[in-house]
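Please find below a briefing on one protein model, arranged by topic. The sequence and structure come first, and the notes follow.

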Amino acid sequence: MENFNWQRTDLIDESEEVVVHQTKEQKEKLEQSSGIQIVDRNAGRVKITDVLVDAEGEKQIGKKEGQYITLSVPTLTLEDQDGFTQLEQELLVNFKKLHESLSWQEDDKILIVGLGNRTITPDAIGPYLIDHLHSLDVIDEKFVMYAPGVTGQTGYETGEFVAAIAERLQPKLIIVVDALATRASNRLCKTIQLTNTGIHPGSGVGNQRQEISYEMLGIPVTAIGIPTVVDAPVLIADAVETMLRSIAARVAERSKPSSKLSLSSWQPDISKDLDMTLVQPIFGEWATWTKEERQQLFEETFAGSHTQLMVTPKEADYWIDRYARLVASMLMNWASEL
């Protein structure tokens with residue numbers, strides 16, 4: 001198959017070099033050969049991945065040199081208050097760690113930039129955040145908040161607006177909040193990425209704009225992103241993967257008593273290692289391909305028709321509002337201790 005680089009994502013731990021190095025031995029080899037350190041840990045229900053990229057690592061995976069922290073609650077739902085509480089707590093802890101080297105003066109300013117288009121729900125988290133910050137009873141005097149809109153609305157590069165404000169304000173820190181793209185449907189609206197490398201607005205959906213970073217502005221830039229969209233072929237590949245693994249699990253279990261003793265409809269465990277050759281007589285050799293190979297097949301099949309289609313959850317407006325409130329609360333708690 002022709003090799004398309006179609007799996008658009010803004011998340012560091014979904015980049016190809018990181019995805020294929022999951023075991024301890026593979027991570028150590030990656031660190032030695034490519035200058036990329038990966039540390040996985042858990043804090044309650046929150047899964048955290050720390051990725052440190054040096055200059056050599058930047059060349060290897062195309063992600064900027066710096067620190068990336070990804071926090072995820074895989075089982076998160078809109079009604080899951082405990083999940084959101086733990087996610088906010090860990091975001092605050094890691095946000096503090098990321099900025100512990102900065103020393104603050106009483107008159108230092110912090111510029112908060114909410115990127116995105118408020119008229120397109122999955123892209124509106126930045127403007128929503130600014131709205132929530134303005135609606136708080138107590139707004140910290142250190143904060144200057146700004147939602148510049150998008151180039152399609154203003155006719156100007158968002159980075160130019162930010163640069164102009166930064167030059168006039170001379171803030172100690174710039175915090176940029178934006179929606180991201182993911183290549184895994186099960187991470188939609190369940191993940192937050194935190195990085196000190198800045199941001200390329202729109203890069204995850206193939207609409208890369210001017211970079212907002214320390215290199216461009218001479219001011220530290222921290223980016224907070226939440227994945228809200230995924231490529232349509234990814235959803236197809238995920239659905240097929242679930243179907244194939246479910247059938248393989250049922251075939252493997254059909255002769256075992258556990259499947260016959262169930263009083264209700266039996267649901268197989270598809271998360272464990274499965275022998276996919278069990279379904280090869282039914283679906284053919286492609287059923288034994290890796291998930292990535294099937295995704296590649298779907299992309300080639302739908303080339304020219306679905307490759308530009310991005311998908312978001314049907315409750316996107318609720319997710320966006322919830323995350324805007326979460327990030328606003330975290331920033332206020334962080335600022336109160338400066």
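**Briefing: helix contacts and nonpolar cores**

In helix 9, Pro233, Val234, Ile236, Ala237, Asp238, Val240, Glu241 and Leu244 meet Lys291, Arg294, Gln295, Phe298 and Glu299 of helix 12; contact means heavy atoms within 4.5 Å. By class, this contact of helix 9 with helix 12 has 7 nonpolar, 1 polar and 5 charged residues. Ala, Val, Leu, Ile, Met, Phe, Trp, Tyr, Cys and Pro count as nonpolar, Asp, Glu, Lys and Arg as charged, and the others, Gly among them, as polar. The model is predicted: local features need pLDDT of at least 70 and side-chain atom pairs count only at pLDDT 80 or more, while totals for chains, interfaces and linings use all residues. Residues are numbered from 1 along each chain as its sequence is written, and side-chain values use heavy atoms, with hydrogens and water left out.

**Overall make-up**

- The protein chain comes to 13 helices and 9 strands; these are DSSP runs numbered from the N terminus, helices being H or I of at least four residues and strands E of at least two.
- Of the 338 residues in the protein chain, 48% are buried (buried means under 20% relative accessible area, exposed over 50%, partly exposed in between, with a 1.4 Å probe and protein chains only).
- Among contacts in the protein chain with a separation of 6 or more, 73% join residues 24 or more positions apart.

**Helix 9 and helix 12**

- The axes of helix 9 (residues 232-253) and helix 12 (residues 291-301) come within 9 Å and cross at roughly 135°; axes are lines fitted to C-alpha atoms, for helices over the stretch in contact, and angles run from 0 to 180 degrees between N-to-C directions.
- Helix 9 is therefore oblique to helix 12 (angles under 35 degrees count as roughly parallel, over 145 as roughly antiparallel, 65 to 115 as roughly perpendicular and the rest as oblique).
- The crossing of helix 9 and helix 12 is right-handed, meaning that the near helix is turned clockwise from the far one by less than a right angle.
- Glutamate 292 is found in helix 12 and is partly exposed, with a relative accessible area of 34%.
- Glutamate 292 lies 9.5 Å from valine 234, C-alpha to C-alpha, although the two are 58 residues apart in sequence.

**Helix 5 and helix 13**

- The axes of helix 5 (residues 125-135) and helix 13 come within 8 Å, crossing at roughly 50°.
- This angle makes helix 5 oblique to helix 13, and their crossing is right-handed.
- Helix 5 contributes Ile125, Tyr128, Leu129, His132 and Leu133 to the contact, and residues of helix 13 in it include Ile320, Tyr323, Arg325 and Met332.
- The contact of helix 5 with helix 13 has 10 nonpolar, 1 polar and 2 charged residues.

**Nonpolar cores**

- In the largest nonpolar core, of 43 residues, Leu87, Ile112, Phe143, Ile175, Ile224, Tyr323 and Trp334 touch the most other members; a nonpolar core is a set of buried Ala, Val, Leu, Ile, Met, Phe, Trp, Tyr and Cys residues joined through side-chain atoms within 4.5 Å.
- Helix 13 (residues 316-335) gives the most to this core, with 12 residues.
- Another core lies apart from it and has 13 residues, including Val113, Val162, Ile212 and Val221.

**Histidine 99**

- Histidine 99 lies in the loop between helix 4 (81-98) and strand 4 (110-114), and counts as buried at 6% relative accessibility.
- Beyond neighbours within four places in sequence, histidine 99 is in contact with Leu173, Thr222 and Trp334.
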